[in-house]
Amino acid sequence: MRTQVCIIGGGPSGLLLSQILHRAGIDTVVLERKSRDYVLGRIRAGVLEWGTVELLRSAGVGARMDAEGFAHDGTFLALQNRGFRIDFRQLTGKQVMVYGQTEVTRDLYDARAAAEGKILHGVEGVTLHDPDGDAPFVSYVLNGTEHRVDCDYIAGCDGFHGVSRTSVPAAVRKEYERTYPFGWLGILSQTPPVSHELIYANHARGFALCSMRNRHLSRYYIQAPLDDPIEKWTDDRFWDELRRRIPDDAAQSLVTGPSVEKSLAPLRSFVAEPMRWGRLFLVGDAAHIVPPTGAKGLNLAMSDVHYLSRALIAYYRDRDVGGIDRYAATALARAWKAIRFSWWFTTTMHRFPDQSEFDQRIQESELEYLEHSAAAQTVLAENYIGLPY
Ligand code: APR
Ligand code: PHB
């Protein structure tokens, strides 16, 4: 088989890239190792930057998001059960959209199916050949038979555990990493959200987050030790702990119910450079991971897709390689700023096992400063709603 751009991975990055390229008349093949149902079963964050909203609309996949998503003008931060609000709209003129990543992925799958896009599920043994040569190809096994896709370019959209990043030789690859000594225990419950906007809470017992998917479906998280067995966290214990950490008024009005999903996830910051190796581009989680505080993961993947799709369109339309040559530097410059913001927000909001009283006072001062300084609030707001592309 031959295509122009072979896309490894059918998560949000790979699907959006194939959708945008398709609309520009560029042929792609997406190779995904899991089934569509498996990909759509993954629960991820749910806050879209305005740049992501506009990108999805311009790719023709914004209709359901616009009908069912919720535009938020601000968010609440809390310190020891007392909350204050950051007004994004007043500070930056922009909002964010609350719409689950799972729904974004579903809309992308529907759009690709409607256009009869080539997405192969259940592929095994994906291997990249000569990504830095003039005639790269990708081999894979499907239903026991080996196949190959010859292509002009390869887009590595295969997430943190994919094969693309490790196809960049170790001698040229540099990786930066920070792991955090705690996890996020998250639940999804069929209950009305406790607040009309998100609440990020710093508390002596640990961080908590109140989020939502829609009027009847809430998403809550609490910071928890990574080695805690999940069975220990009964629903009742989760709700009790959440109530202790959030603002008093929210704790009183919290509606609880049985969880429909519960999981404990680690937090990590990670960047791999370079994001381009010859004819291979790394996109999204394949190149960088952020901790979930601030919900930057999907948004960062979407801005990578924006830069790469624009570069490939310029190449196929005008044989202009400028965007391709600049992709790695442009995408990394934006990624590092989101890495910084997510690290700062995580560090400011969580309780670290080795936190001293000094560290504690610094955290409290940071939040008190944020509560009263329009300048500090603007810094948070412009990063939260998303830095420009
Ligand atoms: N061969 C084929 N497909 C693969 C391989 C492989 N060797 N390895 C991984 N994949 C697939 C995964 O099954 C997954 O569906 O690549 C896809 C990668 O998707 P994601 O991990 O979702 O990464 P990405 O599309 O970059 O999305 C950005 O933002 O909010 C964050 O982590 C969150 O998924 C989110 C990400
Ligand atoms: C979520 O709704 O899952 C969510 C929201 C905001 C975050 C992280 C996760 O910062």
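Let's start at the ligand: a polar side-chain atom of Tyr 200 sits 2.7 Å from an oxygen atom of ligand 2. Keep in mind that this is a predicted model.

| Residue | Atom on the residue | Distance to an oxygen atom of ligand 2 |
|---|---|---|
| Tyr 200 | polar side-chain atom | 2.7 Å |

Now for the overall layout. The chain splits into domain 1, made of 5-72, 96-177 and 268-346, and domain 2, made of 180-266 and 350-385. Their C-alpha centres are 29 Å apart.

How much area do domain 1 and domain 2 bury between them? The figure is about 2100 Å², with 66% of it on carbon and sulfur atoms. On the domain 1 side, Ile 43, His 72 and Thr 346 together supply 25% of the area buried against domain 2, more than any other three residues do. In terms of contacts, 26 residues of domain 1 meet 24 residues of domain 2.

As for polar links across this interface, the count of salt bridges is zero, but seven residue pairs are in polar contact. Which elements build the domain 1 side that touches domain 2? β4 (70-72), β7 (96-98), β17 (259-273) and α10 (322-349) each supply at least two residues, and α10 gives the most, with seven. Sorted by class, that side of domain 1 has 13 nonpolar, seven polar and six charged residues.

Finally, two bits of backbone geometry to check in your viewer. Most residues other than glycine have a negative phi, and most peptide bonds are trans. Against that background, the peptide bond from Glu 273 to Pro 274 is cis, with omega near -5 degrees. Pro 274 belongs to the loop between β17 and β18 (276-277). The other one is Asn 81, a residue other than glycine with a positive phi, near 70 degrees. You'll find Asn 81 in the loop between β5 (74-79) and β6 (82-87).

Methods. Residues are numbered from 1 along each chain as its sequence is written. Chains are lettered from A and ligands numbered from 1 in the order in which they are written. This is a predicted model: local features need pLDDT of at least 70, side-chain atom pairs count only at pLDDT 80 or more; totals for chains, interfaces and linings use all residues. Side-chain values use heavy atoms; hydrogens and water are left out. Domain bounds come from an automatic or database domain assignment. Contact means heavy atoms within 4.5 Å. Buried area is the accessible area (1.4 Å probe) that two parts lose on being put together, summed over both. A salt bridge is a side-chain nitrogen of Lys or Arg within 4 Å of a carboxyl oxygen of Asp or Glu. A polar contact is a pair of N or O atoms within 3.5 Å; within protein, one must be able to donate a hydrogen and the other to accept it, and residues adjacent in sequence count only if both atoms are side-chain atoms. Helices (H or I, at least four residues) and strands (E, at least two) are DSSP runs, numbered from the N terminus. Ala, Val, Leu, Ile, Met, Phe, Trp, Tyr, Cys and Pro count as nonpolar, Asp, Glu, Lys and Arg as charged, and the others, Gly among them, as polar.
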